[in-house]
Amino acid sequence: MTAAATTTRRSARKAKGDGHLRRAEILEAAERIFIAEGYEGATIRKIADEVGVSSTALYMHFQDKGCILFEICERTLRLLLERNGEIAAKPLDPVVRVKMMLDAYMRWGLEHPNAYQLVYSAPRPLSAALWPEDTVDLSTQCYEIFSGVVREIAATGRLRTGTADSAAQALWMSCHGVVALLAARPSFTWAPQEELIQVTLDGLMNGLVVD
């Protein structure tokens, strides 16, 4: 490596004492690298270089990349869990609440596309032990709150077809497809995002629920 290249590389790093390194910077950089290269392909050095710090500085915040993955997944899923809980508790018709939860789910995924892909679209790491089980539990809690409201609809005999379980899963899978495709194919000539969300919700609810 030439002296000039060495100087350039060092200048790209954050100078010692430039203020404390924010964990958010590391998490955002790690999200991008996990998506681009997969969990197995990501390294602490790559994440540190993306942030512009040394690996040693990064280790002061996270023990290893498994801890980084855990925090990315946990913080994002907790946002969805909070939204689902708030909506489920509203004194509204269950059909209205289910539609609100699906709307919130799609918007949540589109607000956090990288984290969403890590949680719901990316393959599990090859070493299953590396996948944070607490995030699996959070994801399950999110679904159980949602499916509980769908069961309220089924209990009143308002489902046109299927059971409470198959209806809840079909609704979730359909909305997942919207988020996943918008994130994975940004160059496609999609209709306006707001219109896609509303058409999806109207089509799903009108097709499954009796007025």
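**Entry 1: Lys65**

I began with Lys65 and located this residue in helix α5; helices here are DSSP runs of H or I with at least four residues, numbered from the N terminus. The model is a predicted one, in which local features need pLDDT of at least 70 and side-chain atom pairs count only at pLDDT 80 or more, while totals for chains, interfaces and linings use all residues. I note that residues are numbered from 1 along each chain as its sequence is written, and that side-chain values use heavy atoms, with hydrogens and water left out.

Is Lys65 buried or exposed? I recorded a relative accessibility of 18%, so Lys65 counts as buried (buried is under 20% relative accessible area, exposed over 50%, partly exposed in between, with a 1.4 Å probe and protein chains only). Setting aside residues up to four places away in sequence, I listed Phe34, Tyr39, Glu40, Ala42 and Ile44 as touching Lys65; contact means heavy atoms within 4.5 Å.

**Entry 2: Helix α3**

Just after α3, I noted a positive phi of about 95° at Gly52.

**Entry 3: Salt bridges**

How many salt bridges does the structure hold? I recorded twelve, a salt bridge being a side-chain nitrogen of Lys or Arg within 4 Å of a carboxyl oxygen of Asp or Glu.

I examined Arg75 and Glu31, whose closest N and O atoms are 3.1 Å apart. Arg75 belongs to helix α5 and Glu31 to helix α2, so this pair ties together parts that are 44 residues apart in sequence. Arg75 is partly exposed at 34% relative accessibility, whereas Glu31 is buried at 9%.

I also looked up the salt bridge between Arg32 and Glu50, at 3.1 Å from N to O. Here the pair ties helix α2 to helix α3, across 18 residues in sequence. I found Arg32 partly exposed at 39% and Glu50 partly exposed at 41%.

Lastly, I recorded Arg151 and Asp165, which meet at 3.3 Å, N to O. Arg151 lies in helix α8 (residues 133–155) and Asp165 in helix α9 (residues 164–184), so the pair ties together parts 14 residues apart in sequence.

How values were computed:
Helices (H or I, at least four residues) and strands (E, at least two) are DSSP runs, numbered from the N terminus.
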